[in-house]
Every structure is written in structure tokens, then in C-alpha cells.
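This report looks at backbone geometry, the nonpolar core and the domain arrangement, in that order. Please keep the sequence and the structure open beside the text.

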Protein chains: 2
Amino acid sequence: MPRQIIFGDIDGYEEGHLFQGRREMMPSRFHRYWGRGIDSDKELGAAAVVLSGGYKDEDDDDVIIYTGAGGRDSKGKQIKDQEWNHNDNKGLMISCDRGIPVRVIIGHKHKSPLSPSSGYVYAGLYYVESYWDELVSFGDHEFVMCKFKLVFSGNNPTRILKREAILDHGIRDKKRRQGTVVRVVRDTSLARTVKELYNYECQVCGTMIKTKGGYYAEGAHIRPLGKPHNGDDSLRNLLCLCPNHHVMFDKGVFTVNDDFQILGDIEENTLTVKEAHKIDLSNFEYHRKIHGYD
Amino acid sequence: MPRQIIFGDIDGYEEGHLFQGRREMMPSRFHRYWGRGIDSDKELGAAAVVLSGGYKDEDDDDVIIYTGAGGRDSKGKQIKDQEWNHNDNKGLMISCDRGIPVRVIIGHKHKSPLSPSSGYVYAGLYYVESYWDELVSFGDHEFVMCKFKLVFSGNNPTRILKREAILDHGIRDKKRRQGTVVRVVRDTSLARTVKELYNYECQVCGTMIKTKGGYYAEGAHIRPLGKPHNGDDSLRNLLCLCPNHHVMFDKGVFTVNDDFQILGDIEENTLTVKEAHKIDLSNFEYHRKIHGYD
């Protein structure tokens, strides 16, 4: 029975860390398995993947198209479709839905600008942007593969520069330069905690979005993070909302008073709050104030 | 009557372009007004703002806390609250809700690392991340001000490096490094077209999110943009959806067949499609395929 999975960075292993071999990754739980590409838990998500040249995963440094697991015989020959129910594919889907960061490890057999000449290099944290089915040819057979798009989200400034330069290059045409970002939904382990507490049901309308990978909800900060509001990233400042009510709450379409009654022009009257969820009411006060309710 | 507002970059004016004075910005419609901070249209959104030291707007280069317009007497003294209904504040709210990029122009009187020694510099495109009320003291009076958070979204690589370095510095504590991005909603002028076509009503459920600034909906690409899917950014590949159905569509919780019947485990049966909206059906075919419906 393997020890519990660890998500995110692990102390002592910075981006660029070199491993001589796969076994070296196991004691720290950097990647718990010697023979598998994906370190995954079917309930919690995937924490790490290795690119070792087994499938022809595409990789332009910051965007990786990764192939899931399954469907091979003992010699590594593809003999059937991959399945979304497979422990490893399921884990990567959960990581996508919940915004769990995935450690990407690149081996010398994988072709990429980042590949080491021997051993394995830690390429940093990526997020799973999306997943989909793809029909892939193997000789005269075609099988459905589980595909994942992984996008670099680590902290290495030189790589970030390179990434932005690529983006920059890509958006030189007029049409795309007119576009911009409307919404960025970030997530943290605390947001996952509040979502688990409410079983992914929106505290306003009870909606639960069921996906192939599990459930989707968003952690909404009551008092916004970052300047100038400087809200806490703590459970006392978080709600579990569906995307629609998250947008409406952030824009002040509704707010909440101290006994959890909803103020504003929406159908619902009361915010569902569980006993165990101790909200700091001064955060609601702040939210009411910045949206002109007090 | 001023000529029509222009959004986004304007040919011939790169980031860093220096203007000797405000009148120079008017013929090209870079900023149409000599005496106003905000170049805005109450229906369409704001296209440009000038920081000229009038209000003490905060600015750390890539995040600007901008104060709206109104409430001053003819000598520039604040004598009453600002109002969200004011043409200029309304325009910036719309830019926030619709993801319209705003040109930021920094004058020599504004205190910022980017301020020129004389004249005005074009600091690039920013998006309006959020807006809120703030009570601000003016001597012994307090007035409500309309505040906006503007975030740099331009293309200048050296500034991007600096910005990422700041971010990097900010997220050194463990808790935040575990977090990641779940969802990025980008928008384009085409997405705005499809939203206008449907009056911001979701093509699946009819939901229309009404905000202080107007309406909020999302433009959803049927065949995803970017590699490996390489969908078109065209009306033939776009839907107008509420955030909930956008998430569900992108994750394949439902799909659509060639006569606009909905397939999948949701309540609604039919996608609303207007006569004028010519969808390329091969995009639905692609969507069905990658989500395992065909």
C-alpha cells in the first residue's frame, strides 16, 4: 500500500532538480511508482506525471499534450482503447476539475528542449487545462486515447519570459490583440476544502456540476484577495459557489447579511452555511460596503 | 458629436509611444477628449483612461487602482459622491463585464515608475479586473468613489518579466504555491458579437446575468482554440453561454447534435440558435468526438 499522495511542490526539489533514475523519486513521494507514468489517486487527483517517450507526447516547453494510461499489453503494445475510469486518467481529470497542480518530470528519452541528457528533470508545476478523447492510429488499428493538455504554471522567471515571448509572438495578429481576459478562477487547497465541505453544491442555489472527472464548483473569496482589498485566504473568507453565482457575487449582484440572508436581485433568499463553517462576518460587511449595500 | 470609439490597440501607436500633449491623441481617436480622464461610451464600454495625477491613483506598474469620474465642481473640488450611472464609470463597468481592453495613458504629473518626464506615455492595454465603492476623505468630508482595478495585459516582454518576478515574489509562501489556475475566460470582439446577438441570454438555459454594468455572459468556442484542437475564432464556432453551461460544455458534460438537440445529462433538450447565427456543424461534430459522444 503506497503512502499518501502529495500535491504541489515538495521541499528540497526545486524546478530543474535532476534525478538519476526513477527510484530516487519514491522515498520523498515525488513520484510514488517506479513503473507508472502517472502518480494518481482516483479520489483525490493526480500529483505527478513522467514523460519518458513511451507515447509521443507533444511538448513545446510550456504546453504539453499528454497521453493517459491503459490499453497496453505486458510488452507495451497498444491493444485496446484507454478508459476514463482508469485510476490514472480519472486522477488527471480530477486535477483538471479541481485545479490541482501536477509535477511534470521529463526523462532523457522524451524529445523536448527541456530533456536532460540522462536521468530525469523536474520541469515544474503544470495545471491540467482540459481533457478529451482522441482516436490514434497504431499500425492498422485505431484506439481511443485519453488526452490531457498541461500548461506550465511554475515560478521560473526565465521560462516565464520565454513563454510570454511565445504568447506575444502568437498574438501579433490584430484580431487576437483585441481580446483580453475576462475572468481568472484560481484555486487553492483551502478552496478545495470548502468545496468538499459542501459536496460541491453551490451555497446559494444548490447546483452541483457533475463532470466526467467528478464535480466542479468554485471557491469564492468573500473579501477579495490581493490589493487593495487584502482579504485572507482562509476558510473564514471562502464560499463554495457555482460559476454563475461566483460571477454574480464578485460583481455585487447580491451580497449576504450577518444572518446569511441574501440581499440583491436574485431568486434565492438564504445562503446555506454548515455549522462547521465558521465565516468571519466582517468579510460580509466588507463585501456589502464595497458593493454599496451598507 | 465625437466620432465612434475605438477599442484595443490602434495602428501606429505601440506601447511606450510618447505624446507631447493630450490634443495629439484626438485625431486618431486614441483618446477622444481633451478634458476628460476616461474615453467611454455608456453602451459600448470604455476604451482609454489617462492617469494625470488628478486623483491619487495607485499604480505599481502592472496593477492600477483607478478612480472613476464625477462629483467635482468646476474648480475640480470634490463636492459629492461619484455615481455608477455616470457615462464614464458605466463604460468602465461594461469593459469589466465584457472583457474589453482599455488603453492606459500615463501623464508626467502622475507618480509612477512609468511616468514620462513630460507629456504622456502609452502604457499599454489593461483589463478591468473589478470595480467597487470606496469611501474616501476629502478634508472633513467623505464621499463615495467609484474604484476600478486595472491589470496590465499588454505585450511588452520586459514589463512582463518584471510583472512575473513580482508575482513570483508574492507567492513564495507555501500555501499559495499549492494553488493554481482552474479556469481562464478570455474574450474577443467576436465573443461580444455573439453575446449581443443573444442579448446575453444563455443558449442552453436562457439565464441572463444582470450586473451593475449591464450584462454578463461568456463566449464559448465549440471547437477549442489553440493547439491541439486549432478551432477558429469565428462566429461559426462560438456560442453564448452562462458560466455554468460554459464549464459543462467545455468539459463535455453535454454536447449538441446537428439539429441542435442537446446530448448529455442536463435538464435542457434544445440549444437556442437564431437564424442569423450560422454555426459550422463540423465544429459540433468535433466537440462530440473529443468528448466521446460519437
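## Two residues with positive phi

In this predicted model, B:Tyr200 sits in the loop of chain B that runs between α4 and β10 (209-211). Although B:Tyr200 is not a glycine, its phi is positive, at about 65°. B:Tyr200 counts as buried because it has 21 C-beta neighbours inside 10 Å, where 20 or more are required.

A:Arg29, likewise not a glycine, has a positive phi of about 65°, and it belongs to the loop that links β1 (18-19) and β2 (38-41) of chain A. Because A:Arg29 has 16 C-beta neighbours inside 10 Å, it counts as partly exposed.

## The largest nonpolar core

The largest nonpolar core comprises 44 residues, and those with the most contacts inside it are Ala217, Leu239 and Leu241 of chain A together with Ala217, Leu239 and Leu241 of chain B. Two or more residues are given to this core by each of α4 (189-197), β13 (238-241), α5 (243-250) and β14 (254-256) of chain A, and by α4 (189-197), β13 (238-241), α5 (243-250) and β14 (254-256) of chain B.

When neighbours within four places in sequence are left aside, the contacts of B:Ala217 include B:Tyr200, B:Lys195 and B:Cys202, and they also include B:Ile209, B:Cys240, B:Leu241 and B:Cys242.

## Domains of chain A

The domain assignment divides chain A into domain 1 (18-176) and domain 2 (189-290). Between them, 7 residues of domain 1 of chain A are in contact with 7 residues of domain 2 of chain A, and on the domain 1 side the touching residues comprise 4 nonpolar and 3 charged residues, with no polar ones.

Notes
Residues are numbered from 1 along each chain as its sequence is written. Chains are lettered from A and ligands numbered from 1 in the order in which they are written. This is a predicted model: local features need pLDDT of at least 70, side-chain atom pairs count only at pLDDT 80 or more; totals for chains, interfaces and linings use all residues. Domain bounds come from an automatic or database domain assignment. Two residues are in contact if their C-beta atoms, placed from the backbone, lie within 7 Å. Ala, Val, Leu, Ile, Met, Phe, Trp, Tyr, Cys and Pro count as nonpolar, Asp, Glu, Lys and Arg as charged, and the others, Gly among them, as polar. A nonpolar core is a set of buried Ala, Val, Leu, Ile, Met, Phe, Trp, Tyr and Cys residues joined through C-beta atoms within 7 Å. A residue is buried if 20 or more other C-beta atoms lie within 10 Å of its own, exposed if 12 or fewer, and partly exposed in between; C-beta atoms are placed from the backbone. Helices (H or I, at least four residues) and strands (E, at least two) are DSSP runs, numbered from the N terminus.
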